[in-house]
Amino acid sequence: MKAKPTRKELTPKEQVIKEAMKIDSGETVTMTFKVPKELQQGYKMNALKKGETMTEIFIKHMKECLNN
């Protein structure tokens, strides 16, 4: 019987980061964010006004933040 390879024990923070950065396919990456409820409601209202999804609104917001 072969011995199992030793596994590095991940800290809770490392586990969250690893889970949040799982690659779905190609260039797409799944990321998990925690935002205040007011900010989430703001994204939701923006999405309803513009007829877009919350994801699209969030991505636009992140791109604006990165470009500034």
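Mentor: Start with accessibility: buried means under 20% relative accessible area, exposed means over 50%, and partly exposed lies in between (1.4 Å probe, protein chains only). This is a predicted model, where local features need pLDDT of at least 70, side-chain atom pairs count only at pLDDT 80 or more, and totals for chains, interfaces and linings use all residues. Residues are numbered from 1 along each chain as its sequence is written, and side-chain values use heavy atoms, with hydrogens and water left out.

Trainee: Why does Met-31 count as partly exposed?

Mentor: Its relative accessibility is 45%, so Met-31 counts as partly exposed. Met-31 sits in the loop between β2 (28-29) and α2 (37-50). Helices (H or I, at least four residues) and strands (E, at least two) are DSSP runs, numbered from the N terminus. The protein has 3 helices and 2 strands, in the order α-β-β-α-α.

Trainee: What makes the nonpolar surface patch?

Mentor: Val-29, Met-31, Phe-33, Val-35 and Leu-39 make a patch of about 410 Å². Patch residues have over 30% relative accessible area and no salt bridge; like charges are joined within 9 Å, nonpolar side chains (Val, Leu, Ile, Met, Phe, Trp, Tyr) within 5 Å. Met-31, at 45%, is one of the patch residues.

Trainee: Why is the contact of Glu-52 and Lys-60 called a salt bridge?

Mentor: A salt bridge needs a side-chain nitrogen of Lys or Arg within 4 Å of a carboxyl oxygen of Asp or Glu. Glu-52 and Lys-60 meet at 2.6 Å, N to O. The whole structure has 1 salt bridge. Glu-52 is partly exposed at 23%, and Lys-60 is partly exposed at 39%.

Trainee: Is Ile-57 buried or exposed?

Mentor: With a relative accessible area of 6%, Ile-57 is buried. Ile-57 lies in helix α3. Its C-alpha is 6.4 Å from that of Tyr-43, 14 residues apart in sequence. Of the 68 residues of the protein, 6% count as buried.

Trainee: What is the volume of the largest pocket, and which residues are closest to its centre?

Mentor: The volume is about 410 Å³. Of 14 lining residues, the closest to the centre are Phe-33, Thr-55, Phe-58, Ile-59 and Met-62. On a 1 Å grid over the protein atoms alone, a pocket is an open set of points where a 1.4 Å probe fits, with protein on both sides within 12 Å along at least five of seven lines; lining residues have an atom within 4 Å of a point. Helix α3 gives the largest share of the lining, 7 residues.

Notes
Areas by Shrake-Rupley, 256 points an atom, 1.4 Å probe, with all protein chains shown as cover. Points joined across faces, edges and corners; volume = space filled by probe spheres on them.
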